[in-house]
Amino acid sequence: MLLLQFSTSPYCRKVRLALGYKGIPFQVENLTPGLHILKLKPLTGGLRTVPVLLPQLDGQPAAIADSTQILHSIESRFPSPPLLPADESLQAEAWMIEDWLDESIGIATRFVYYEFRAGAGKQIDPSVLSQLVIQLARRQFGINHASAKLAELRLSAALGLLHRRWQDGSYLVGDSLSVADITAAALLSPLALIPQYRIDYPWLFERIAEIHALCGETLPPGFETAPVGRSPLAENSSD
């Protein structure tokens, strides 16, 4: 399988986590923002966003766009190990949380991240090109100080809910890793570069690190500066 991606995209990270957990061999092709449209539109029928998965296998679609649709596809075609609970009601709950993270909390994280990178986080990469990309992203998504503050409040409430769920058990839904867990680990990973979040939510980054280890995926930027502890996932996961 070939994954067309931006290496820094949390939504592409989400797909890599799923493929890694299932042990599905894949390669990645990192696209250039802007120019990526020329490659994606003919493959997807007009869609312009990554990730796009090219299964390159007989009997499978030529291209699958959108991280959620990719997860649906690989779960149906490669059901073991599962990324959904056996119980159908819990499956629906896992997909509901995945959608909430995609459509609300992932976007809130984006706002907080780009606000940080435009201000106190400029030193992470102060180059002209990096700052130009950040400013273009802020303009594209309508990110400003006021909208970032609202995103912080939404993110704070979401992290409280995730903490309660992860505190009650090792997983967000059911008794095994699911699409909900990997989506949370991927979409919240940009917060690792923001020192205040590392201080306020150490449990979050312990969980993100553990899920990455279970999926055989390299940790996102930010983890090399502050080691995290061992999460209950390691104690409860099978060999």
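This is a predicted model: local features need pLDDT of at least 70, side-chain atom pairs count only at pLDDT 80 or more; totals for chains, interfaces and linings use all residues.
**Entry 1: helix 1 and the sheet.** Helix 1 lies across strand 1 (2-5), strand 2 and strand 3. Relative to strand 1, helix 1 runs at about 160 degrees.

I then examined the sheet itself, which is open and built from 4 strands in the order 2-1-3-4, with mixed pairing. I noted strand 2 (27-30) and strand 4 (64-65) as the edge strands, each pairing on one side only. Strand 4 pairs with strand 3 (residues 52-54) in the antiparallel sense, over 2 bridges. In this pair I found Leu53 opposite Ile64 of strand 4.

**Entry 2: the largest pocket.** I recorded about 1,700 Å³ of space in the largest pocket. Its lining comprises 47 residues, and those closest to the centre are Phe6, Thr8, Ser9, Tyr114 and Phe141. The elements that give two or more residues to the lining are helix 1 (10-22), helix 2 (36-44), helix 3 (67-77), helix 4 (88-118) and helix 5 (128-141). Helix 4 gives the most, with 10 residues. Sorted by class, I list 24 nonpolar, 14 polar and 9 charged residues in this lining.

**Entry 3: helix 6 against helix 9.** I checked how helix 6 (residues 145-168) packs with helix 9 (residues 202-215): the angle is about 65 degrees and the axes are 11 Å apart. The crossing is left-handed. From helix 6, Leu159, Leu162, His163 and Trp166 meet Trp203, Leu204, Arg207 and Ile211 of helix 9. I classed the residues of this contact as 6 nonpolar, 1 polar and 1 charged.

How values were computed: Residues are numbered from 1 along each chain as its sequence is written. Side-chain values use heavy atoms; hydrogens and water are left out. On a 1 Å grid over the protein atoms alone, a cavity is a set of points where a 1.4 Å probe fits but cannot get out, and a pocket is an open set with protein on both sides within 12 Å along at least five of seven lines; lining residues have an atom within 4 Å of a point. Grid points are joined across faces, edges and corners, and a volume is the space filled by probe spheres set on the points. Ala, Val, Leu, Ile, Met, Phe, Trp, Tyr, Cys and Pro count as nonpolar, Asp, Glu, Lys and Arg as charged, and the others, Gly among them, as polar. Axes are lines fitted to C-alpha atoms, for helices over the stretch in contact, and angles run from 0 to 180 degrees between N-to-C directions. A crossing is left-handed if the near helix is turned anticlockwise from the far one by less than a right angle, and right-handed if clockwise. Contact means heavy atoms within 4.5 Å. Two strands pair if DSSP finds at least two bridges between them.
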